[in-house]
Amino acid sequence: MTEKLKILFVCLGNICRSPAAEGVMRRFVEKSGLDDRIEIDSAGTYGGHRGELPDPRMRNAAAHRGLTLTHLSRKIREEDFEEFDRIVVMDDMNYENVHRLAPSREAAGRIFRMAEFCRHHPDYTYVPDPYYEGHEGFELVLDMLEDGCEGLLEALKNEGRI
Ligand code: 4NP
């Protein structure tokens with residue numbers, strides 16, 4: 001049996017976008033019967049919310065889509081590059097911060113932007129930070145994550161990686 005593919009989703013606080021991405025992706029993976037092939041985690045570039053559950057606004061919005069988010073916030077660390085095959089960030093600031101942590105050029109090549117995998121949000125190159133937004137901001141994030149995670153899974157299948 002080949003080793004599991006490990007995916008890490010990253011945003012700033014690890015309490016809104018990336019834990020939601022983790023929940024959305026996990027559901028797609030389970031639906032596709034790939035839970036024994038893929039492992040998923042999330043982290044933030046800022047450690048100020050360490051140990052916290054996702055923001056109640058995100059938990060609420062996700063619950064309306066049948067998703068329960070239970071991840072506890074943690075900060076990304078350099079060792080994550082040893083463990084994860086794909087690191088999927090939400091915006092350009094995340095990209096720069098994660099890129100700065102990458103121990104090698106090869107490791108940096110494993111960083112991707114979530115919006116690259118979205119097929120129904122052509123106007124976005126990043127997943128917007130919903131923290132200072134209203135309800136619509138959280139809905140947009142979840143719409144983009146459902147779109148992007150489906151695209152990501154498709155891309156991994158096309159690459160023959162899973
Ligand atoms: P996230 O959202 O990066 O999607 O988890 C944020 C969470 C916290 C803060 C900013 C964005 N903050 O400034 O504390």
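Predicted model: local features only at pLDDT ≥ 70, side-chain atom pairs only at ≥ 80, totals over all residues.
Trainee: Okay, where do we start? What is the strand order in the open sheet?

Mentor: The order is β2-β1-β3-β4. That makes an open sheet of four strands, with parallel pairing.

Trainee: Which strands are at the edges?

Mentor: β2, residues 38-44, and β4, residues 111-113. Each of these pairs on one side only.

Trainee: Remind me, what holds strands of a sheet together in pairs?

Mentor: Backbone hydrogen bonds, in either a parallel or an antiparallel arrangement.

Trainee: Let's count, then. How many bridges join β1 to β2?

Mentor: Seven, and the two strands run parallel. For one example, Leu5 has Ile38 in β2 as its bridge partner. For another, Leu8 stands opposite Asp41 in β2.

Trainee: How many join β1 to β3?

Mentor: Four bridges, again between strands that run parallel. Leu8 turns up here too: it stands opposite Ile87 in β3.

Trainee: And how many from β3 to β4?

Mentor: Three bridges, also parallel. Val88 has Phe112 as its bridge partner in β4.

Trainee: Which residues sit on which side of β1?

Mentor: Leu5, Ile7, Phe9 and Cys11 are on one side. Lys6, Leu8 and Val10 are on the other. Both faces are covered, and these residues are all buried.

Trainee: Which way do the β3 residues point?

Mentor: Arg86 and Val88 point one way, while Ile87 and Val89 point the other way. All are buried.

Trainee: β2 is an edge strand. Why is β2 described as largely enclosed?

Mentor: Because six of its seven residues are buried. The rest of the structure does the enclosing.

Trainee: Helices now. Which strands does α1 lie across?

Mentor: Helix α1, residues 17-31, lies across β1 and β2. It runs at about 170° to β2.

Trainee: And which strands does α6 lie across?

Mentor: Helix α6, residues 135-158, lies across β1, β2 and β3. Its angle to β1 is about 150°.

Trainee: I've got my eye on Phe28. Where does it lie?

Mentor: In helix α1.

Trainee: Why does Phe28 count as buried?

Mentor: Because its relative accessible area is 19%, and buried means under 20%.

Trainee: What does Phe28 touch?

Mentor: Glu146, Cys149, Glu150 and Leu153, leaving out residues up to four places away in sequence.

Trainee: How far apart are Phe28 and Gly109 in space?

Mentor: They are 25 Å apart, C-alpha to C-alpha, and 81 residues apart in sequence.

Trainee: Now Arg86 and Leu5. How far apart are they in space?

Mentor: 8.2 Å, C-alpha to C-alpha. In sequence, Arg86 and Leu5 are 81 residues apart.

Trainee: Is Arg86 buried or exposed?

Mentor: Buried, at 14% relative accessibility. Arg86 is in strand β3.

Trainee: What does Arg86 touch?

Mentor: Its contacts include Lys6, Ile7 and Leu8. Arg110, Phe112, Leu156, Glu159 and Arg161 are also among them. Residues up to four places away in sequence are not counted.

Trainee: What about the backbone at Asn14? What is its phi?

Mentor: Positive, about 55°, although Asn14 is not a glycine. Asn14 is found in the loop between β1 and α1. At 0% relative accessibility, Asn14 counts as buried.

Trainee: Last topic. What is the volume of the largest pocket?

Mentor: About 160 Å³.

Trainee: Which residues lie nearest its centre?

Mentor: Leu12, Gly13, Ile15, Asp129 and Tyr131. They belong to a lining of 13 residues.

Trainee: What is that lining by class?

Mentor: Eight nonpolar, three polar and two charged residues line the largest pocket.

How values were computed
Residues numbered from 1 in each chain as written. Heavy atoms only, no water. Pairing = 2+ DSSP bridges. Contact = heavy atoms within 4.5 Å. Axes fitted to C-alpha atoms, helices over the stretch in contact; angles between N-to-C directions. 1 Å grid on protein atoms, 1.4 Å probe; cavity = no way out; pocket = protein on both sides within 12 Å on 5 of 7 lines; lining within 4 Å. Points joined across faces, edges and corners; volume = space filled by probe spheres on them. Nonpolar A, V, L, I, M, F, W, Y, C, P; charged D, E, K, R; others polar. Buried < 20%, exposed > 50% of the residue type's maximum accessible area, 1.4 Å probe, protein only.
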